Amino acid sequence: MPGIDKLPIEETLEDSPQTRSLLGVFEEDATAISNYMNQLYQAMHRIYDAQNELSAATHLTSKLLKEYEKQRFPLGGDDEVMSSTLQQFSKVIDELSSCHAVLSTQLADAMMFPITQFKERDLKEILTLKEVFQIASNDHDAAINRYSRLSKKRENDKVKYEVIEDVYTSRKKQHQTMMHYFCALNTLQYKKKIALLEPLLGYMQAQMGSENLNEQLEEFLTNIGTSVQNVRREMDSDVETMQQTIEDLEVASDPLYVPDPDPMKFPVNRNLTRKAGYLNARNKTGLVSSTWDRQFYFTQGGNLMSQARGDVAGGLAMDIDNCSVMAVDCEDRRYCFQITSFDGKKSSILQAESKKDHEEWICTINNISKQIYLSENPEEIAARVNQSALEAVTPSPSFQQRHESLRPAGQSRPPTARTSSSGSLGSESTSLAALSLDSLVAPDTPIQFDIISPVCEDQPGQAKASSQGNRRTNPFGESGGGTKSETEDSILHQLFIVRFLGSMEVKSDDNPDVVYETMRQILAARAIHNIFRMTESHLLVTCDCLKLIDPQTQVTRLTFPLPSVVLYATHQENKRLFGFVLRTSGGRSESNLSSVCYIFESNNEGEKICDSVGLAKQIALHAELDRRASEKQKEIERVKEKQQKELSKQKQIEKDLEEQSRLIAASSRPNQASSEGQFVVLSSSQSEESDLGEEGKKRESEA
C-alpha cells in the first residue's frame, strides 16, 4: 500500500500558517471520511438488519409449519401425509433459521463491530480534540495579545508576572493539545483503511463461508487480510514513535513556553540569513490611530513575506535588499523595530515577542540587506563578517603584532586594502591584516552612538550654535526675531534625511580610507553590542555650515562649520552610508587639533549628500576668494586715497611756502616801505600757515 501522509508534530510549537493550512487539509479529509463512513455504516446496518429479519422470518415460518397439525380445518379432516410433509419442511427451515441466526451473529462481530468502533470511538475522538485545540488556540491568542501590550515605560512586575504565566500556561496547553491532535489525525489515516477493509472481509467470510470459496477468491481475501494486518502493525509502530516524540518535545519545549526566554540559555544567532516567526505589524487606521495585527513573517531570498493565519500562501511585505533596519520606540510597546526600503518610500514597524527574536530579526535583515544570502554558504559568510567585525572592534595584541610584522618599513598602506562593514562577500580574514588600523584610528578609541552634545565648545561659532539650540530654526531661513540666521544669506540650501550611526576620533584626516575604516568599526560595534537604534535628523547643507535639525521640533541639534569639514566620502558598495571628518581644537591651544569622523546613513543619497557638501565648499571657497579680492581692492583704494590726500596736502604746503616767501621778499624792501609809510599786514590764515610751516620744518629737522 502507498505511504501515509503525516502532519509534522515537530512544527507544532512554531504553529506557522503553513502548518495550519496542512492541518486544514487533514481536517477536511477527516470530515470527508466521517461523512462517507456514516453512509457506509447505514448501508451495512441495513444488511445486518435484513439478516436479522431473515433469521426471524425463517424461524417464524418453521414454527408455523410445526403448528399445522394442531390446526382444525372444517373441510380438511385428518391428512397425515400433509402433516408429515410439513413437519419435514419445518425441520429444514428451522435449520436454515439457525444458520441465518449464526450468520447474523457473524455479521455483528465481523462487519458491524469494526465500523461501529471506528465511528463511535475514533471519529468522535477527532471531533473532541478539534474542539479542545480550538479553545486552547483562542486562549493562547488572547494571552499573546495581552503580553504584546505590556508597557515598556511603566513596567509593573506583578502584572508582568501574571501575563507571562498566562502565556506560559496557554502555550503549553496549546502545544500539547496540538501534538495529540496531530497524532490522532495521523493515526486516522491508518484506521480509515482498517475500518474499510475489515467489515468487508467479515461480510465475505460470513456470507460465503470457507467451504464455498473458490481458490482465486480465497487467495484474494487472504492477501487483503495480510495487508490489513501489515497496516495495523505499521500503525502501532508509528503511534509508538509519535508518542515518544511527543514526550521528548514536551520536555525539550518547556523552557520555550516562556515568551521571553533567558538569553544565556538561548543565545542570539547573528549569522542567520533566513528567519520565520510571528510578529505584530503596525497598521495606521487614521492620523493618530493604529492597530496591531499578528501575522507570520518569513524571509525568502531578498524579500520579506507575510502570511496571515488561514491564508494558503504568503505575500510580499517588503523588498529588504539594501534596506535599513533599526530598533525604535513605538506606542510604549516592547521589542519594536522599523524596516525602511532602500529608496525610503516604504517603511514598516514590527514588534517581536522576545528580546532574542528582536535581535535575531534585526541581524537577519541586516545580513540579507548586505546580500550575503546570494553566496554559496551564506551563514558561513555572515559568521566570517561578524567575526571580522569583532576583530576590528577589539583587536588582540597578537593580531596587532602580527600586523606590525607584515607591514613593510617606511611603506604606506596601499589604497586597495580597503574594507568596509558591508564588505566583499568573498573577503578573507587576511584582508584585515592589510589595513593599517593604528595609522587611521587609535586603538581603544571610544565610540559615541548618539547625539548628546555640541561638536566643540571651544570652537569659534559653536557657542552661538549652542545658544540657539533652545529655539526653533527654520532650515530655509527665518525672517522674524530681529536677528538674521547665519544661513539666511547662503546661496545653497539642501535638506536630507539622515540617521546618525556614530562618531569617533581618528588620527588622520587626509585619506578617504579613514572614513571607510570608521564606518566598518562603528557598524561592527553596533552589531556586537546590540545597538540598533539610530537618531533620525534633517541634515541641512549650506555654504556656511552643516546643521543637524530635529525633524519634529525643528531645533538645531548640532552645527558643523563648513571650513572645519576637511574630508567626506561615501561607502564604496553601500551608497546609503556616508561620513565626514571634522577638524576641531582639542584644547585651549589652537595648535592642538583633533579630528572626529561622523558616520551617517541616508535613504540611498550618500553620493548626493557628498556632492552637495563639495558644492557648498566650492561656493564657500569662491565666496572667500571674492571676499579677499574685494578686501584687497578696498585696501588698494584706501592706500591710493591716502596717497592722494598726502600729495594734495604737500602741494598746499608748497603753495603756502611760496606765498610766504613772496611776502617776505616784498617786506624786505626798506626804502619803499619808509618812503611810502606803508606796512605789510598778514592775514590770520597766512600767519597760521606760516607758523605751521615753521613747525613742520622743525619736525623734519628733529626727525
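Leaving aside neighbours within four places in sequence, Asn 283 is in contact (heavy atoms within 4.5 Å) with Ser 290, Thr 291 and Asp 293. The structure is a predicted model, in which local features need pLDDT of at least 70 and side-chain atom pairs count only at pLDDT 80 or more, while totals for chains, interfaces and linings use all residues. Residues are numbered from 1 along each chain as its sequence is written, and side-chain values use heavy atoms, with hydrogens and water left out.

Asn 283 belongs to strand E1, residues 276-284; helices (H or I, at least four residues) and strands (E, at least two) are DSSP runs numbered from the N terminus. The side chain of Asn 283 forms a polar contact with the side chain of Asp 293 at 2.6 Å. Such a contact is a pair of N or O atoms within 3.5 Å; within protein, one must be able to donate a hydrogen and the other to accept it, and residues adjacent in sequence count only if both atoms are side-chain atoms. Asn 283 is partly exposed because its relative accessibility is 31%, where buried means under 20% relative accessible area, exposed over 50% and partly exposed in between (1.4 Å probe, protein chains only). A separation of 9.7 Å is found between the C-alpha atoms of Asn 283 and Leu 350, which lie 67 residues apart along the chain.

In the protein chain as a whole, there are 13 helices and 14 strands. Of its 703 residues, 40% count as buried. Among contacts between residues at least 6 apart in sequence, 70% join residues at least 24 apart.

Two residues were examined for their backbone geometry. Most residues other than glycine have a negative phi. Asn 322, although not a glycine, has a positive phi of about 60°. This residue, Asn 322, is found in the loop between strand E4 (315-319) and strand E5 (324-330). With a relative accessible area of 34%, Asn 322 is partly exposed. Gln 371 is likewise not a glycine and has a positive phi of about 60°. The loop between H5 and helix H6 (378-393) contains Gln 371, and a relative accessibility of 27% places Gln 371 among partly exposed residues.
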